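Thank you for coming, everyone.

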Amino acid sequence: MNKAPFGASPFSAAPHRTRPSHPHQASRARHVTAVLGPTNTGKTHLAIERMLGHETGLIGLPLRLLAREVYDKIKARASEANVALITGEEKIKPPHARYYVCTVEAMPADLTVDFLAVDEIQLAADAERGHVFTNRLLHARGQQETLLLGAATMKQTLKALLPEAHIISRPRLSQLRYAGQKKLSRLPRRSAIVAFSANEVYEIAELIRRQRGGAAVVLGALSPRTRNAQVALYQSGDVDFLVATDAIGMGLNLAVDHVAFASVRKFDGFSHRNLSLGELGQIAGRAGRYLNDGTFGVTGKAIPFSQDMVLRLEEHNFEPVKTLQWRNDNLDYSSLIRLKDSLSALPDRPDPRLVRARPATDVIALEILSRNDSVRQRATAPAAIRLLWELCQIPDYRKISSSHHAELIATLYKFLIDEPQILPEEWFAQQVAFADNVRGDIDTLANRIAHIRTWTFVANRPKWLKDPEYWQEKTKEIENRLSDALHNALTKRFIDKRTSVLMRQLRDKNELTAKIGADGAIHVENHFVGRLDGFNFTPDSDSNDLHGKAARHAAVKVLAQELAERADRLSKARDEAFQLSRTGTISWEGSAVARLEASDTPLRPDIHVLADDHLQASDREKIKNRLRIFLDDHIFKLIEPLVKLADADDIEGLGRGLAFQLVENFGSLNRLDVAEEVKQLDQPQRGQLRRYGVRFGAYNIFIPSLLKPAASELILLLWALRDGEKHGIIAADLPMPPRAGLTSVVRDKALPDAFYRAAGYHPCGNRVVRLDILERLGDLIRPLLYWRKSEATPVRPEASVPGGGFRVTPDMLSILGCGHEEMTDVLKALGYRLERRPKKLLPAKKPLTAIEQEVLDAALSQLAPYIDIDLSSQKANRHAPVPAQPGDASTKPEMEEIWRLKPKHSPARREHDRKAHGAASGTGRKRPSRRQGGKLGEAKKPSPRKTHAKGANKARQGARGSNRPRTITAAPPKRKDKAIADSPFAALTALKEKLQNSATNKDT
């Protein structure tokens, strides 16, 4: 290995313009391999293994913290004497080191090695540090092998810039899934909460301390030692939560199961902006390391991610990096103006993917210093200008302002440029002493650490101090003490020690035991902490103290296992194990596990699983999938005709539109609302609908099978889910429908008509009547309204009234289950009008004559042995007083109620006329009109004139034909069988002849 000494004297002879030790020609892809993929793909581990396979190697890492972690790993395998660590603030350089671990900025340009790797090359697009990564990507090469590690978003850019490079894509070793939004109090153990300001981090950590016992804190402003100590608290299990900035996005390999974003907006040094998907993915990818799956989500005030964001984060599908930050590294030190011009030069290759970097902290400091007369007077020679630029590379740890940082550099520059060209020991000791104080609050200690880190960086520059090794140790010792003090301050503020110890014991099976009873009661060490109902855990309200909360967290251990077992058991349960309530709640094993919610498809509502955040997302999905199968089968079983009608593809024309309306109205339509559509339907189209169980009634078009209690209850629920809110009704508080079996009930005026129609009832005034019963009522009324004499109906029904009227019959009252007053209200609502008139009574019978009475007694005597009759009572009734007749002065006329249809324009009249066409007599002929003579419902009587003419014609025909011979054939004589003498029929025959003779004598 050829190695040049680090940090040659800035005042050694040098040309005005320097060139990198790797000339531009070295940028060709000589044994270059790019290993790309998301987080947790093992890229860094691969680089370590490849480097140890070579004699010499160098790896550049994005963070000092990660560099230290990798250094420790390699040191453990290759021995301390063979490994060097070089960062801006720390240098460990054994004399014969073979492997170098560095931050990317600190990678030696004059070092030749067999193997070279650069990690996180996607940072070449970063506005502040990107130009450094771009430089290493283009120029840094190993003699035998070069590895470029980074995100898959760099693939297209690498192909364009390094066409000969071999690109390998590596998949993530574990799955990453979105877990939605959770409250801080509901976050699972082993969670990292991400915020983007110190105030936010402190606020969240304080809240977790109160609710969950405490949290470790990781900020970019913390020293590596403090960060390591805080991470150790989390890794050891003293706390289960880590609150951090995006500092955890790189370099921290933690046992994190869940990453929760409390914010997605940060200040990048120039402006406040939202994180890109790639940045979100880099942080979310901290969840789930190696083969362990992880989840991510949002908490606090963060807005839940959109479905598109979730999908892209889960699949690691991010926008490709299209441009890299580039800054000229071939600088001209001949003058300050030329140095600034060379720093602002455009890329030396015409490639749109390389864009000139905006001024970073060092360039801004140089610009400020170039306006300082004292600095400008001293920065004239190339070596002096080179020194000034080297001082501008000091990181601004203090973050006060650019001018303050420039003032510090100017002071250092004056000391180093003027004789004796070294920093005064006394002055430097004073600066270090200002930071050497471990008292103060968190912000004070963090500020002191920022100052001491500056002096640590200065102490690690060769030739700037008389005894740099002493000051390196001194500043490192002070930084360590400050870091420890800050760690203790953070621990004291954000971790409750007693609760932390308790929480640690919770993970030890021998310490606290949580049990769940058959009734769902959960006890921790015999202390009741809450109850599990279904998949919801309700904590005990009496255990709100911190230790009570800790005990409840102990319950989480048994909760997780119990919920997983329940989810698995539910997923394998038969349909009979589930019950759907009338209010849309699905129950299982006596507990509510889901509720129905409205969806775009009325017959397929959505399912919301009733579970708290303790249930894993995968188990939640398993439950939902099983309940979906149950619900679809349940709906099909109860309202199969309607489901089939919704899916029917064999209904055409107007019938298809009517079928759609039936489905949208849950199986029933008021016929008046679709009168025109129905009128245009032909018989084949009606037949298509009838095949699906549709009935065309006089008042409604409906599916009778949907009126069964279970089906109607389900339809009412589906209606409430979709349309209930329009009428002020919610499914969870669904009013009771009419009790099953009732054919009509009094109408509740507070409920809308749509509610009753969904329940299978037709509103009729102050009463609602079941749809099928209303059609039966119409079937009873029509034959009475439209009766006419025929062979099938030779006698007018008793309740039929001439002129198109009818009387209410007991059958009508019986099917509706109501009285006359309620029936009156129903009939009026259906379009009938009421007439009242005196009731006509039949005339009284004339008393029998003596001979008629004698014949009757004789007949009864003959029949007495064969029929059950009391002759004595019959004779007694003959002498009973005759009831009063209408003409008597002691009686008043009795009124009767006659119902008739309203005038022709009445919709009800039109429907009855249509339905009655051919239905009353069963002949299929039209009913007679009034023009044909006679009253409505009566047969037509021939006029006298036509009768006379018809008789005259027959007489003339008889006269004309009287002289013609006629043949007359006599009919065969009627049989007159003699009755058996002993038979009662013989006696009756004799009585008949006696009555005939008596009548003949009377006439005579």
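Predicted model: local features only at pLDDT ≥ 70, side-chain atom pairs only at ≥ 80, totals over all residues.

Which residue in E34 is the bridge partner of serine 800? It is phenylalanine 806. Residues are numbered from 1 along each chain as its sequence is written, and side-chain values use heavy atoms, with hydrogens and water left out.

Let me begin with the sheet. Helices (H or I, at least four residues) and strands (E, at least two) are DSSP runs, numbered from the N terminus, and two strands pair if DSSP finds at least two bridges between them. Here four strands form an open sheet with antiparallel pairing, in the order E33-E34-E36-E35.

Now to the salt bridges, where a side-chain nitrogen of Lys or Arg lies within 4 Å of a carboxyl oxygen of Asp or Glu. The structure holds 52 of them. In one, arginine 190 pairs with aspartate 240, with the closest N and O atoms 3.3 Å apart. Arginine 190 lies in the loop between strand E9 (176–181) and strand E10 (191–194), and aspartate 240 in the loop between helix H6 (224–236) and strand E12 (241–244), so the pair ties together parts that are 50 residues apart in sequence. Both arginine 190 and aspartate 240 are buried, where buried means under 20% relative accessible area, exposed over 50%, and partly exposed in between, using a 1.4 Å probe and protein chains only.

Within helix H2 (residues 64–78), aspartate 72 and arginine 68 lie four residues apart, about one turn of the helix, and their side chains meet in a salt bridge of 3.7 Å, N to O. Aspartate 72 is partly exposed at a relative accessible area of 32%, and arginine 68 is partly exposed as well, at 27%.

Lastly, glutamate 589 forms a salt bridge with arginine 569, where the closest N and O atoms are 3.1 Å apart, and arginine 569 counts as partly exposed at 37% relative accessibility.
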